[in-house]
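Have a look at the model first, and then we can go through the charges together.

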Amino acid sequence: MMRVIKPLLILGIVIFAIGLALAFEQGQFLKEGSLIYSLPWGKIMLMDLYIGFSLFALFIGLMEKSWVGTFFWVLSLLVLGNIVALIYLLYRWKETQRLVE
């Protein structure tokens, strides 16, 4: 099972990076973000997103040995989104494997 997850993480990072690049190139972040937030489902999506960020931030806090590393990763997660979660799981691949075994 773990043999399948690592390539999926890499694929997710590549797809997410392409999507981010296209969105920044073609979209207007502030204008479109405020439009999304003005919609009821936009608020729910953002609440879901930040609950997920909080849970993953807790995971990072449990995995990191220093508060500086935790701060860096959590701040990156909040600014750049779930691409950071994918990168973090890949970065901590060996430790993550041990949690599953």
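Predicted model: local features only at pLDDT ≥ 70, side-chain atom pairs only at ≥ 80, totals over all residues.

- Arg 92 sits in the loop between helix 5 (82–91) and helix 6 (93–100).

**The salt bridges**

- Searching the whole structure turns up two salt bridges.
- One of them joins the side chains of Arg 92 and Glu 64, with a distance of 2.8 Å from N to O.
- That pair ties together distant parts of the chain, since the two residues are 28 residues apart. Glu 64 belongs to the loop between helix 3 (40–63) and helix 4 (67–80).
- Glu 64 is buried as well, at a relative accessible area of 13%.
- Arg 92 also forms a salt bridge with Glu 95, where the closest N and O atoms are 3.0 Å apart.
- Glu 95 is partly exposed, with a relative accessibility of 25%.
- Taken together, Glu 64, Arg 92 and Glu 95 make up a network of salt bridges.
- As background, side chains of opposite charge can pair when their charged atoms come close.

- Is Lys 65 buried or exposed? Lys 65 is exposed, because its relative accessibility is 76% and the cut-off is over 50%.

Note on methods
Residues numbered from 1 in each chain as written. Heavy atoms only, no water. Salt bridge = Lys/Arg side-chain N within 4 Å of Asp/Glu carboxyl O. Helix = DSSP H or I, 4+ residues; strand = E, 2+ residues; numbered from the N terminus. Buried < 20%, exposed > 50% of the residue type's maximum accessible area, 1.4 Å probe, protein only.
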